[in-house]
Amino acid sequence: MGEAKTDYEVIVVGAGVAGIYQIKRLVDLGIDATVLESAPDLGGTWYWNRYPGCRFDSESYTYGFSFSRELLDEWHWKEHFSSQGENLRYLNYVADKFDLRRHMQFNCKVEAMQFDEARDLWQLKISDGRTLTCRFVSLAIGLLSAPTMPKLEGIADFKGRSFHTFYWPHEGVDLAGKRVAVIGTGATAIQLIGEIADKVGQLTVFQRRPNWSAPLNNSAISADEMAGIRARYDEIFAACALTPGSFLHAPQDRGFYEVSREERLKLWDKLYDERGFGIWLANFRDIFMDEAANAELSDYIADRIRRRVRDPRVAEKLIPKDHGFGVQRLPLETKYLEAYNRDNVHLVDLSETPLVRVTGNGLRTTERDYEFDIIVYATGFDAITGAFDLIDIRGVGGERLAAKWKDAPSTFLGLLIHGFPNLLMPTGPQSASASTNFPRGIENNVNWCTDLLQYMRDRGYTRADASREAEARWTAYVAKTYEIMLMRKAKSWFTGYNSNVAGHEEGTIRYFLYNGGTPKFRAIANDVAEKGYQEIAFSAGERVGVQAPAAGASAARL
Ligand code: NAP
């Protein structure tokens with residue numbers, strides 16, 4: 001890639017799952033495009049998160065790309081829930097197989113983007129000092145790519161090693177015999193704790209609020225089993241396309257109250273012991289909306305926790321009391337609860353003794369000082385909009401995206417933003433990709449965005465801006481999808497909660513997810529395209545080589 005080149009038709013920001021697929025589509029269409037990636041290499045989430053235990057909790061064969069039969073036939077997933085190292089190898093394999101690396105530029109952090117209204121171009125300022133221009137930007141910057149640290153004094157004073165899980169050292173960390181602290185009990189910590197409990201000297205978990213979890217029940221995939229999976233790929237992807245979350249796990253078609261308690265218990269026994277998200281997503285739909293149904297399931301899971309954790313006092317501390325099962329993103333675990341049966345694992349309940357500060361030797365709570373060799377911050381992310389906020393994005397009239405989204409994001413289909421023309425978001429807030437098996441949603445979104453590009457190229461349009469009205473309607477509709485959901489009361493990234501980010505603390509709900517399910521989302525988005533994008537104002541500028549719009553392809557249909 002010639003780094004001297006400064007103008008492209010499309011710039012894709014991010015070389016993770018979405019960026020890889022986006023550049024593949026563009027290259028196939030012969031569109032002049034490049035990927036800018038801030039990391040030294042591709043992989044996005046799977047490049048960064050190298051903490052022990054990091055793996056899919058989507059079935060591997062539902063997570064991989066679906067676009068190439070050859071790729072599906074070649075790749076052997078080794079486990080039902082593949083680990084980070086293998087996932088990164090997979091993404092590299094895809095990039096190399098389709099020769100995509102030559103369209104990628106690494107160590108290129110986009111610091112600012114400004115829409116040039118006179119020329120219908122985006123100008124991007126890169127950390128290496130270059131300014132690049134392009135007609136379209138596809139922001140494939142990930143949903144959970146802006147890690148957040150606790151607001152604690154003394155973090156820099158600690159004399160041992162400390163890091164956020166996102167930045168787990170790539171060369172690995174020798175944990176043997178070490179005194180390790182883990183702060184947080186989200187999906188990341190739950191994977192990490194289960195994996196390292198028997199590898200460290202002492203492990204102390206600092207828990208502010210317990211999180212519901214369920215067993216992953218992972219296992220290896222034999223060559224024979226993989227051959228069977230390959231033969232069923234069409235069936236597998238078709239099944240995913242029909243479920244709300246794009247997983248193989250489809251909700252019960254019977255209602256919670258249509259079956260006896262005995263039948264419910266039988267179903268839960270089966271789902272809890274099966275692989276993956278079944279206990280969450282193949283359950284009764286009522287558990288997401290009905291307090292009593294949710295409470296009965298929560299009691300069931302609490303009993304499972306009591307059966308797995310030997311010390312009843314510890315078990316009670318691990319049972320969430322402030323939210324019901326499945327109303328936050330459910331972490332799947334391997335030996336997580338059993339970790340607390342080990343003599344070298346200790347649980348500190350921060351609701352009783354909050355953290356006061358980090359000291360030179362460890363952590364101080366209101367009760368006492370703890371000494372550690374390593375402190376791990378498993379404290380989560382400024383989800384979805386956090387990565388957008390890290391770029392100074394200015395649209396029409398110099399409007400700043402961070403200002404527009406200060407209180408809450410507003411989008412059209414989660415794919416476009418009014419006032420920010422030609423800006424495409426395959427992984428933005430308010431589309432179905434945020435609430436589903438990510439790659440399935442991402443493929444849909446990339447396809448939709450690429451079709452829009454193609455539509456504009458065919459007609460010589462140089463600018464596409466979703467209308468203010470369409471954005472307002474979509475954003476109100478997304479908020480409505482929260483109304484019946486118990487999740488709206490829970491403190492999680494599903495509602496934009498993060499105690500470490502100003503404005504995202506308790507009390508402010510941000511409508512980040514489209515909760516209507518992927519099939520409905522896809523139908524709505526495809527309908528918009530089929531009807532000629534009536535919610536989008538198109539226009540053609542006078543840039544060299546750009547033709548006037550074809551007759552009948554009217555601009556600005558608001
Ligand atoms: P998270 O779910 O937001 O959890 C962060 C944890 O840190 C919570 O337990 C939180 O406590 C705690 N915490 C934050 N600030 C704190 C503070 N100042 N003091 C004490 N505790 C603090 O983040 P995550 O575990 O990284 O997971 C984020 C998302 O990443 C998941 O929901 C999932 O979507 C994704 N993920 C996916 C996988 C996978 O695919 N297998 C694996 C890991 C993560 P509170 O609950 O009290 O706020």
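Modeller: About 2800 Å² is buried between domain 1 and domain 2, with carbon and sulfur atoms giving 58% of that area. D57, Y61 and H80 supply 24% of what domain 1 buries against domain 2, more than any other three residues. The model is a predicted one, in which local features need pLDDT of at least 70 and side-chain atom pairs count only at pLDDT 80 or more, while totals for chains, interfaces and linings use all residues. Residues are numbered from 1 along each chain as its sequence is written, and side-chain values use heavy atoms, with hydrogens and water left out.

Colleague: What makes an area count as buried?

Modeller: Buried area is the accessible area, taken with a 1.4 Å probe, that two parts lose on being put together, summed over both; the value of about 2800 Å² is therefore the loss for domain 1 and domain 2 together.

Colleague: How do you know where domain 1 and domain 2 lie in the chain?

Modeller: The bounds come from an automatic or database domain assignment, which gives domain 1 as 7–146 + 383–480 + 513–539 and domain 2 as 179–377. Their centres, taken over C-alpha atoms, are 29 Å apart.

Colleague: How many residues of domain 1 are in contact with domain 2?

Modeller: With contact meaning heavy atoms within 4.5 Å, 33 residues of domain 1 touch 36 residues of domain 2.

Colleague: Why is the meeting of R69 and D234 called a salt bridge?

Modeller: The term requires a side-chain nitrogen of Lys or Arg within 4 Å of a carboxyl oxygen of Asp or Glu; the side chains of R69 and D234 meet at 2.8 Å, N to O, so the pair qualifies. Across the interface of domain 1 and domain 2 the rule finds 2 salt bridges, and the structure holds 51.

Colleague: What does the salt bridge of R457 with E9 tie together?

Modeller: The closest N and O atoms of R457 and E9 are 2.9 Å apart. R457 lies in helix α16 (residues 438–459) and E9 in strand β1 (residues 7–13), so the pair ties together parts 448 residues apart in sequence. Helices (H or I, at least four residues) and strands (E, at least two) are DSSP runs, numbered from the N terminus.
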